[in-house]
Amino acid sequence: MEAWDTQLRKGGLELAVLLLLSRRQMYGLELISSLTDGGFPVSEGTIYPLLNRLSGQGLITAEWVTGNLGHPRKYYRLTGVGLEQAGRMSRQWLEYAASMEQLIKSARIGADQSGTAKEA
Amino acid sequence: MQVESQVMVREFNRRLRTALSSAPNHVRVEAALEVESHVMDVLSRQKSGLSESEQVAEILSGFGSPEEYARAIMAQLPGVQVVDVPTGAREVSMAAIDLMRGLGRLLVALIRRLVALLMTGLHWLRVGLVWALGKLRWGVRALRGPAGRLITWLGRRANQLRRGAHVLRLWLGRRAHDAGVASRGARTVAAALFRWAIALLRRLLRAAGYTALGGLALAAFAFAGLTALLPDVVGYWVYHIQKDVNGYLTDIRRQTVFLFDQSMQAQFTSTGNAMLVGAILFGLSMVGLISLLVWNARRRRSTVVDHS
């Protein structure tokens with residue numbers, strides 16, 4: 001169950017990052033905090049390689065910015081291609097979620113009752 | 001960041017770059033910068049209750065071990081095949097490569113020494129042989145038979161060899177002389193330039209020695225040298241000074257980073273800053289000196305007495 005949960009989160013992480021960046025440009029720690037607050041707990045060792053890959057695919061761009069803190073931060077921003085990709089992925093996700101929801105509703109065990117059904 | 005924390009981050013990044021040795025250079029540099037920047041970011045949020053080094057250890061643990069993090073990066077890179085080499089084996093292989101390089105250098109040095117020794121030995125052997133054969137030939141002139149003839153023959157050959165070597169030396173000497181005549185013009189120019197440079201240096205030193213500005217310039221120069229020589233000690237202080245002028249320095253550092261080889265990058269954070277500040281101070285001191293020279297020259301010209 002735990003492994004499935006992890007896989008589910010990993011699968012959605014890319015879309016979550018793209019959606020967060022569609023709001024505004026963000027730096028690494030900011031992204032980690034936002035994802036954790038949004039129910040996607042993620043470690044540094046996961047997010048930076050993912051950002052690296054998205055950057056390599058041209059979905060996001062990165063820029064070093066020196067603020068008032070005295071050290072530079074790498075800000076990530078969504079590109080046009082990334083925005084299109086985020087839209088496409090969102091539609092697919094919603095379709096998938098709707099199909100899954102219908103399946104759950106039509107099943108004899110509801111999602112909220114699955115725990116009690118197992119115990120029984 | 002405190003020195004202890006800097007050491008922890010540097011060590012993490014060193015192992016990370018080693019583990020990323022098969023990745024492109026910019027990936028190695030970026031990954032290390034990313035780790036450093038992230039650590040600084042979290043530290044700037046001032047977590048309470050933990051010492052700085054404890055915080056840094058906790059932040060770094062978020063990346064996993066450097067090797068795990070490197071593997072995660074490699075897995076995301078298109079076209080880079082991830083070969084699962086155990087950490088110990090990787091370190092052993094790196095150590096083996098270092099050892100082989102060292103042995104190679106040692107071998108080359110040994111061969112060079114041996115060749116030099118052999119040449120010297122051959123030279124003295126020849127000299128000794130010629131001398132001994134000469135003595136023998138005269139000493140056993142009366143000796144008859146095959147032994148006497150052999151010694152005489154050997155003596156003649158040795159004499160010929162000596163004469164041949166002498167002729168060769170003369171010939172080489174003439175060629176060297178001719179070459180020297182051809183390059184005499186260039187040598188004269190070089191010598192003149194050298195004398196001019198020494199004279200200029202003397203003037204500069206004289207000007208610098210008698211004024212407070214000169215003393216200041218020398219101190220700045222010494223500081224510049226010190227920052228380049230002791231990056232870990234002075235770089236730490238420079239880092240704090242740098243916070244005030246950080247914008248310019250960091251921009252230059254980021255742009256320069258990619259021009260350096262990754263081996264330079266290992267020490268770049270502190271050394272680069274120290275060298276930059278050193279270079280700026282050196283430049284300022286040179287401007288001061290030159291303006292002092294100009295001022296001095298004008299002063300002298302204005303005090304020349306006209307005897308006509």
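# A guided tour of chains A and B

Begin by selecting chain A, where you will find five helices and three strands; keep in mind from the outset that what you are viewing is a predicted model. If you follow chain A along its sequence, the elements come in the pattern α-β-α-α-β-β-α-α. Colouring the chain by accessibility would show that, of its 120 residues, 35% count as buried. Among the contacts in chain A with a separation of 6 or more, residues 24 or more positions apart account for 50%.

**First stop: two helices of chain A**

Next, select helix α1 (residues 2–23) of chain A together with helix α2 (residues 28–37) of chain A, and turn the view until you can see how they pack, at an angle of about 115° and with their axes 11 Å apart. How are α1(A) and α2(A) oriented to each other, given the angle between them? They are roughly perpendicular, because angles of 65 to 115 degrees are placed in that class. The crossing in which α1(A) passes α2(A) is right-handed.

To see which residues make this contact, show the side chains of A:L13, A:A16, A:V17, A:L20 and A:L21 on α1(A), and then those of A:L31, A:S34 and A:L35 on α2(A). Sorted by class, the residues in the contact of α1(A) with α2(A) are seven nonpolar and one polar, with no charged residues.

**Second stop: a residue in a strand**

Now move to A:R77, which you will find in strand β3 (residues 72–78) of chain A. Is A:R77 buried or partly exposed? Its relative accessibility is 41%, and A:R77 therefore counts as partly exposed. Then draw a distance line from the C-alpha atom of A:R77 to that of A:L18: the two residues are 59 residues apart along the chain, and their C-alpha atoms are separated by 9.1 Å.

Select chain B next, whose secondary structure comes to twelve helices and zero strands. Of the 308 residues of chain B, 28% count as buried, and among the contacts in chain B with a separation of 6 or more, 65% are accounted for by residues 24 or more positions apart.

**Last stop: aromatic rings**

Finally, show the aromatic side chains, which form four aromatic pairs over all chains. One of them joins B:F12 and B:F63 in a tilted arrangement, at 6.0 Å centre to centre and with 55° between the planes. B:F12 lies in helix α1 (residues 3–19) of chain B, whereas B:F63 lies in the loop between α3 (52–61) and α4 (66–76) of chain B, so the pair ties together parts that are 51 residues apart in sequence. Both B:F12 and B:F63 are buried.

Which residues are linked into a cluster by ring pairs? They are A:Y48, B:F12, B:F63 and B:Y69, and selecting these residues brings the tour to its end.

Conventions:
Residues are numbered from 1 along each chain as its sequence is written. Chains are lettered from A and ligands numbered from 1 in the order in which they are written. This is a predicted model: local features need pLDDT of at least 70, side-chain atom pairs count only at pLDDT 80 or more; totals for chains, interfaces and linings use all residues. Side-chain values use heavy atoms; hydrogens and water are left out. Axes are lines fitted to C-alpha atoms, for helices over the stretch in contact, and angles run from 0 to 180 degrees between N-to-C directions. Helices (H or I, at least four residues) and strands (E, at least two) are DSSP runs, numbered from the N terminus. Angles under 35 degrees count as roughly parallel, over 145 as roughly antiparallel, 65 to 115 as roughly perpendicular and the rest as oblique. A crossing is left-handed if the near helix is turned anticlockwise from the far one by less than a right angle, and right-handed if clockwise. Contact means heavy atoms within 4.5 Å. Ala, Val, Leu, Ile, Met, Phe, Trp, Tyr, Cys and Pro count as nonpolar, Asp, Glu, Lys and Arg as charged, and the others, Gly among them, as polar. Rings of Phe, Tyr and Trp (its six-membered ring) pair if their centres lie within 6.5 Å; planes under 30 degrees apart count as stacked, over 60 as edge-to-face and the rest as tilted. Buried means under 20% relative accessible area, exposed over 50%, partly exposed in between (1.4 Å probe, protein chains only).
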